Amino acid sequence: CRVGCVPSPGAAMASALSEIVDWAAGVSKSVFGNVSKKDRLPTVFEQFNTVVAEDIQRRKDHIAAKIYFNFAIGIAILINAILIGVEVDHGRGNMIEDRMGYFAFDFLFFMIFFVEMLLRLHQLGWDYFLDAWNFFDYILVVVNCADLAVSASNEGSGNLKIAGAVRIIRLLRVARQIRGLKVFYGLWIVIQGMLDSLRTMLWVGLLLLIIVYCMAVSLTTLVGESEYAKEYWPESDQYMGTVYRSMWTVMQLITFDKWMTDIVRPMLTVSASGTFILFAAIIICSFGVLNVIIAVMVERTLTIAKESRDLTGKVLEKTEEELLKSMADDFRESDMDDNGELDKDEFHKLIREPNLTFKLLLLGIQIDEADSLFELMDADKSGKVTPEEFINGLQKLKGPAKGQDLVQLISFAQKQCLRASMFVERIRKLNIKADVIQERLDQVGQGVSMELRNRNQASKRNEDVWKRAADREVVINKLDIERAYNFPKVKA
């Protein structure tokens, strides 16, 4: 403040409060030192809202958190909704004498939902009212109780007939009950997408209302107040006599409800500018704003589906990490000599244990594939596997390929291609030598064939000689016999 300026009371109070805060901060720093938020004790308000591990476990183990309990409540909601519809169609009156059976069913379902409310209150405590669906269900139970009380009176339940119509909204709670069921995953995605896009749809609906109002004013001005239009189009006052009627006409137009015969064709005969406004309404509202609503719902549904997949992926990733840690503990327990390593025999004994086999199956690794893991995990070729090599090997088998792994794979493939090329060259040279050997064998075969043929001919000639020799021997024997019996005569 400049000289001669008197400070206001508000400024003086603000200055005094600032000095008090600075003094308190200085005293606190001098007494306690610079204590970070991580090291200091939680405040009273933080301790008041703290949920300890025992409370979390108690809520998980509570009957209201069980799947069968929520499933039973969902079935009760469906049956109650069906009975409400049956009562609306076939009910005979509002007096309790006319609807005794429906009143008994209403009382039964009231007791079911009342017990459910008490169980959830016991499970969650005051946190029960932090959930909008729980708060809405609490209101429905109270309204249902009032409806039953009025139904039991002499006046009937006509004054609270709206309660039955409101209770049917409880059917939307089924969407929350089926959230964790894989069978209804698609239905939950669609319902959740619609619920999450309600705020955006309300703004788009407000924009649509503004556009419809502007066009209704224009049509009422151009056509509704025109004497020419009233003369040649008698129904013009019905469709465009007031702004309110014109708004409903535009809604009929953009929803394509008999728009050509009832609105557009008569408009062509009385007002060209009005026809232009009608076509503008179709283009802007039908093809523009209404499609924006669909686009918002589809976009939100796709976003929820993506978030659900990401959440599922994170849960699976965390589960795999815990599983790998558990397998590392099993690895250390199997180390008999306490040297921090497993040889091949100890490794094969480990992977055949039922506990580890089940964990490998959870990771998608079969037991026949696990037998060949030792060579893959033994990166330093020492004949032993450390826990780090064991976990890294499992992560490489399960996780995505990294750049280093791809480089090693490419290098290995190139080496194998080079070795294959060398083997192909050796095989080609061996084929050439085999061809030479084959030619030589063919020549030897030809020589052997000729020798066999000559031997056959010689054998035949030998047989002929022996045969002739035998014939000669026979002839000689005959001559000897004849010479022995026939002596030559002596001449006188």
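Colleague: Where is Arg 99 found?

Modeller: In this predicted model, Arg 99 sits in the loop between helix 4 (67-90) and helix 5.

Colleague: Why does Arg 99 count as buried?

Modeller: Its relative accessibility is 6%. Buried means under 20%. So Arg 99 counts as buried.

Colleague: How far apart are Arg 99 and Glu 87 in sequence and in space?

Modeller: They are 12 residues apart in sequence. In space, C-alpha to C-alpha, they are 8.5 Å apart.

Colleague: What makes Ala 272 exposed?

Modeller: Ala 272 has a relative accessible area of 64%. Exposed means over 50%, so Ala 272 is exposed. This residue lies in helix 15.

Colleague: What phi does Phe 256 have?

Modeller: A positive one, about 60°, although Phe 256 is not a glycine. Most residues other than glycine have a negative phi. Lys 258 also has a positive phi, near 50°.

Colleague: Where do Phe 256 and Lys 258 lie?

Modeller: Phe 256 lies in the loop between helix 13 and helix 14. Lys 258 is in the loop between helix 13 and helix 14 too.

Colleague: Why is Phe 256 called partly exposed?

Modeller: Its relative accessible area is 37%. Buried is under 20% and exposed is over 50%, with partly exposed in between. So Phe 256 is partly exposed. Lys 258 has 58%. That value is over 50%, so Lys 258 is exposed.

Colleague: Which residues touch the most other members of the largest nonpolar core?

Modeller: Leu 219, Trp 233, Met 240, Val 250, Met 267 and Leu 278 do, in a core of 28 residues. Two or more residues each come from helix 10 (198-224), helix 12 (236-240), helix 13 (243-254), helix 14 (259-270) and helix 15 (272-333). Helix 10 gives the largest share, 9 residues.

Colleague: What is Met 240 in contact with, leaving aside its neighbours within four places in sequence?

Modeller: Its contacts include Leu 219, Val 223, Trp 233, Ile 263, Met 267 and Leu 278. Thr 220, Gly 224, Ser 246 and Thr 249 are also among them.

Colleague: How do helix 5 and helix 6 pack?

Modeller: Helix 5 (residues 100-124) and helix 6 (residues 132-152) pack at an angle of about 145°. Their axes are 10 Å apart. The crossing is left-handed.

Colleague: Which residues of helix 5 and helix 6 meet?

Modeller: From helix 5 they include Phe 103, Phe 107, Phe 110, Glu 116 and Arg 120. From helix 6 they include Asp 137, Tyr 138, Val 141, Cys 145 and Leu 148.

Colleague: How many residues of each class does this contact have?

Modeller: It has 12 nonpolar, 3 polar and 4 charged residues.

Colleague: And the whole protein: how many helices and strands?

Modeller: It has 21 helices and 2 strands. Of its 492 residues, 26% count as buried. The protein exposes about 35,100 Å². Carbon and sulfur atoms supply 64% of that area.

Colleague: Among contacts between residues at least 6 apart in sequence, what share joins residues at least 24 apart?

Modeller: The share is 62%.

Conventions. Residues numbered from 1 in each chain as written. Predicted model: local features only at pLDDT ≥ 70, side-chain atom pairs only at ≥ 80, totals over all residues. Heavy atoms only, no water. Core = buried A, V, L, I, M, F, W, Y, C linked by side-chain atoms within 4.5 Å. Buried < 20%, exposed > 50% of the residue type's maximum accessible area, 1.4 Å probe, protein only. Helix = DSSP H or I, 4+ residues; strand = E, 2+ residues; numbered from the N terminus. Contact = heavy atoms within 4.5 Å. Axes fitted to C-alpha atoms, helices over the stretch in contact; angles between N-to-C directions. Left-handed = near helix turned anticlockwise from the far one by under 90°. Nonpolar A, V, L, I, M, F, W, Y, C, P; charged D, E, K, R; others polar. Areas by Shrake-Rupley, 256 points an atom, 1.4 Å probe, with all protein chains shown as cover.
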